[in-house]
Amino acid sequence: MEYQIYTLRNGIRVIHRQDKSAVGYCGLIINAGSRDEKEEEHGMAHFIEHVIFKGTKKRKAYHVLSRLDDVGGELNAYTTKEETCIYASFLKQDYERAIELIHDITFNSTFPIKELAKEKEVIVDEINSYKDSPAEYIFDEFEEMLFKGDPMGRNILGTEKKLKTFDEKMIRQFMQANYNTDEMVFCSVGSASFKKIIKWAEKYFGDVEENIRSFSRPEVNRYVPESQTIERDTHQCHVMIGNVAYDFRHDKRLHLHLLNNLLGGPGMNSRLNMALREKNGIAYNVESSYAPYFGTGVFNIYFGTDEENLIRSFGIIDRELKLLRDKPLGALQLHKAARQLKGQLTISSDNRENLMLSMGKSFMLYDQVDSLDVICNKIDSIKASELQDVANEILNPNSLSYLIYK
């Protein structure tokens, strides 16, 4: 079997893939993120991700940070709109050390007042640094425009004003409401046997009090296409073009992943990179992306260019989008696009940390993990006419929104 699964009595799910590597990887993925915050909690999910490292019932902050560092391992975390993850990489002999530490910081953090105050200043600096980078900040403002008035549209970092109000009581209220045991997955890739993983999971997570989710995320507000131009003191223009897209359960989400990869994915031969940068030399960075969420999704195109090339850039992009809408891919084009995506997925899965995280997220969302062979077969089954239908739906010019920094 590629992976083995187990469920603790409190609802926490466990998934493990055994291999022969000298390095192990494990993490706890929690189905809670910034979209689950109340308005007065804006930024709380990300704040918690920071402050759980700042001391537990048996460790001060220094000892939390040193526990894996001392043996050459790494401890890390991230927050998205829908999930929080605490994960680690370590030598295989330190498997139990890593699992115990992840449990300790997730369930035994004490949130000392002085540490909370220091971390608020750190995050304020992070917010200000982000605002100084228009190529990054425009992504947040674009999603605020797409999901106007909905928690999905709020940025993950929060605001300085809201951060100042956060205290231990608010932290624990958010965690009690959203850190639900049936919405947690402990994931692992490494040399430990599954029997040992179960033993350690029971030892450290088995006694966590059951906390079953009693709510469902609300539907996202109705989308209305919009265009905005914002005057900013930037060297070049930054542009976002996009639309709401398929959610994580939609049967065409893989089609859109393939279409996005062809249009503006990481390959240097993506259509937008070839058209704007390689053929015309008018953009240093151009990319597209697709992110599926619960009940919605986001497709966007980003590029930066000098103001004198802005109109020309729009014309080139419009032609590329129109081509995808009007003309189905030929057999060779479709084969090459599918082969490229399959290659990228295979190479990414060879990174065991990526594999561990993607495996855990898939198990959290779908209660299963498709093998690479299954995914590749699904990609191969996509028809050119189906991609064209997706292009006409998602890339419909009447449905696109635009945000421009000038």
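Biologist: What is the strand order in the open sheet of six strands?

Modeller: Strands of a sheet pair through backbone hydrogen bonds, either parallel or antiparallel. In this predicted model, local features need pLDDT of at least 70 and side-chain atom pairs count only at pLDDT 80 or more, while totals for chains, interfaces and linings use all residues. Residues are numbered from 1 along each chain as its sequence is written, and side-chain values use heavy atoms, with hydrogens and water left out. The order here is β1-β2-β6-β3-β5-β4, with mixed pairing. Strands are DSSP runs of E, at least two residues long, and helices are runs of H or I of at least four, numbered from the N terminus; two strands pair if DSSP finds at least two bridges between them.

Biologist: Which strands are at the edges?

Modeller: β1 (4-7) and β4 (74-79), each pairing on one side only. From one strand to the next, the twist averages 15°. Angles run from 0 to 180 degrees between N-to-C directions, with axes fitted to C-alpha atoms, for helices over the stretch in contact.

Biologist: How many bridges join β2 to β6?

Modeller: Six, between residues 13-18 of β2 and 184-190 of β6, and the two strands run parallel. Opposite arginine 17 you will find valine 189 in β6.

Biologist: Which strands does helix α3 lie across?

Modeller: Helix α3 (residues 95-107) lies across β2, β3 (23-30), β4, β5 (84-91) and β6, at about 20° to β3. Contact means heavy atoms within 4.5 Å.

Biologist: And what is the order in the open sheet of five strands?

Modeller: That one reads β7-β11-β8-β10-β9, with mixed pairing. β7 (227-230) and β9 (286-292) are its edges; each has a single partner strand, so one side of each lacks a neighbour in the sheet. Four bridges pair β7 with β11 (residues 401-405) in the parallel sense, and isoleucine 230 stands opposite tyrosine 405 in β11. Helix α11 (residues 310-326) lies across β8 (237-244), β10 (297-305) and β11, running at about 140° to β10.

Biologist: Now the cysteines: how many disulfides does the structure hold?

Modeller: A disulfide is a covalent bond between the sulfur atoms of two cysteines. The structure holds zero, counting cysteine sulfur pairs within 2.5 Å.

Biologist: Is cysteine 187 buried or exposed?

Modeller: Buried, at 0% relative accessible area. Cysteine 85 is buried at 0% as well. Buried means under 20% relative accessible area, exposed over 50%, and partly exposed in between (1.4 Å probe, protein chains only).
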